[in-house]
Amino acid sequence: MKITQISVFLENRKGRLSQVCSMLGQAGINIRALTIAETESFGVLRMVVDKPSEAADLFRKNGITANQTAVVAAEVPDKPGGLAEVLKTLSDSDVNVEYMYGFVEKHSENALLVFRFDNPELAARILRENGLKVIDEKGIQGL
Amino acid sequence: MEITYWNKNIETMDRPAIEALQLQRLRELVDQSLKMDFYKNRLLRVGITSSEDIQSLDDLRRLPFNVKDDLRQNFPTGLLAVDMRDVVRVHSSSGTTGIPTVIYFSRQDMDNWTDLLARSIVATGCCQDDVFQNMMTYGLFTGGLGLHYGAERVGMTVIPVGGGNTQRQVQIMKDFKTTVLHVTPSYLLHIHSKLESFETRPEDLYIQRVFLGAEPYSENTRLKLEDLYGIDAYNSYGLSEMNGPGVAFECVYKQGMHVWEDAYILEIIDPETGEILPDGEQGEVVLTNLVRSAMPLFRYRTRDLAYVNSEPCRCGRTHRRLSRIQGRTDDMLIINGVNVFPSQIEEVIMAIPEVGTNYLIHLTKIGSLDKLAVKVEIYSKLFTGDMSALDGLKAKIKEKLRASITINPVIELHEPGALPHSEGKAKRVLDEREQL
């Protein structure tokens, strides 16, 4: 139930993010979720796209430094305390969240979040056992 | 390991025989030099009036040193010893830093030089079966044409592609199954960073050996290239004043470069005092060219810093070995009062696997203090997407540099291909302190 996240190394240079995004746009690849972690001189763009392997190929051919990471996308109840409850369940099972970010659009009553766990297999199982919907690769394409 | 020689008699000659040959050629050189106004005045001043005054190799020390400025002062024909109609080749430095320096070859000189290059090429294990792609710039620069003629003399299949056009270079390597390259290390690193975009893996190439030259680089850069491509990379040494490449070359054992001592007399001096240093001690390389009659040049101060290894080499060659060039007397940077050679910085960063194939040393001034920024491209295959790994890499580079050069640099990480690169000699230092 893992999905693929593409991470891109970006130096802080004018127009660089826009170049990378338009490269995806021209190839007809849609960004579903993204976040940027940055320091003063460089950043890492993390995203979930509808066609991850095509995106990875595209970046390789264009000399963009990118890497694929396994993440888990899960629906979290969109209500006060919804996320807290999920995180507590995970933490009780000794699963750590390295980072997380939200999807661009919402497609149900729930919020769709991307999680990077130290143990994604176990995390996905726990989430499902607790009645949460975990979205797979197909599910991402169907959004 | 099988050892092949181009001219076994000369390459394995015993020391007394080498020295006897040197003495004979030195005397011819002195006679030739005395025909020229510039040298004649200098030689007479130290009491040398004919080759009769040179009775042993020790008498070489009586001769004055020559420096780059002497060549400039004599531009264009002051150091030409023969009639121009007997000159078959001219090479010249670019002159970007001032008046160019010019080198002349007679037909015999060209033959001598070409033979030294053939000897150098064969010492690395190359033979007639090899396909040689010469990626050095052709033209006034000695590097391109020098190796070209040497490789032809060996009988290799020579592809005179010259520098630049990376995609075509890689295509030619594949089309002609190139086995040997002659290239600057910075360009070979750059090519590696482009291979993926040409849908090519290093294992798709047939390269076995690479001759590196024309710019300073560290041992770790050589090792990195050998590792990235799965090749043997050989250091070479030469300078246009001494004909060009082929003054010294590594043999298959890659433990220092054999200086062809039948053609050159090698001295290592203390650059401050001019005093001759014993083998093993680092100092300035001083060379006398024994095989160029059109333009004699003796005791030339190269400004290159190196040391000599006089231990016998397993390859059987008796010619002493020169260490890699440790720096130049004129490329030392003074950063907040500390002496730093760019090669020290390169040695540190090229040993770090996550560092890619290009870097830049950038110096600026903030108030009265020098600021050293070391900009490195990351190695894309080792990018994990993990932010803390990148921060860790920055910290690691900074700490290793601080330990080596005692200065705290600012480290910047860049995308592969983002830093300025060169298809010929690399510019690794951008010093913007004077302008500020």
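Guide: Let us begin with domains, whose bounds come from an automatic or database domain assignment. Please note that this is a predicted model. Chain B is divided into domain 1, residues 1-329, and domain 2, residues 333-431.

Visitor: How far apart do the C-alpha centres of domain 1 and domain 2 of chain B lie?

Guide: The two C-alpha centres are 30 Å apart. To the contact, domain 1 of chain B gives 21 residues and domain 2 of chain B gives 17 residues.

Visitor: Which elements give two or more residues to the side of domain 1 of chain B that touches domain 2 of chain B?

Guide: They are α8 (185-194) and α9 (219-229) of chain B. The largest share, 6 residues, comes from α8(B). By class, this side of domain 1 of chain B has 5 nonpolar, 13 polar and 3 charged residues.

Visitor: How should I read a sheet?

Guide: Strands of a sheet pair through backbone hydrogen bonds, either parallel or antiparallel. In chain B, an open sheet of 4 strands shows mixed pairing, in the order β20-β19-β18-β21.

Visitor: Why is one side of β20 and of β21 of chain B left without a neighbour in the sheet?

Guide: β20 (410-414) and β21 (429-431) of chain B stand at the edges with a single partner strand each, so one side of each has no neighbour in the sheet.

Visitor: How many bridges join β18 of chain B to β21(B)?

Guide: These strands run parallel and are joined by 3 bridges. His362(B) stands opposite Leu430(B) in β21(B). Helix α10 (residues 342-349) of chain B packs on the sheet, touching β18, β19 and β21 of chain B.

How values were computed:
Residues numbered from 1 in each chain as written. Chains lettered and ligands numbered in written order. Predicted model: local features only at pLDDT ≥ 70, side-chain atom pairs only at ≥ 80, totals over all residues. Pairing = 2+ DSSP bridges. Contact = placed C-beta atoms within 7 Å. Axes fitted to C-alpha atoms, helices over the stretch in contact; angles between N-to-C directions. Nonpolar A, V, L, I, M, F, W, Y, C, P; charged D, E, K, R; others polar.
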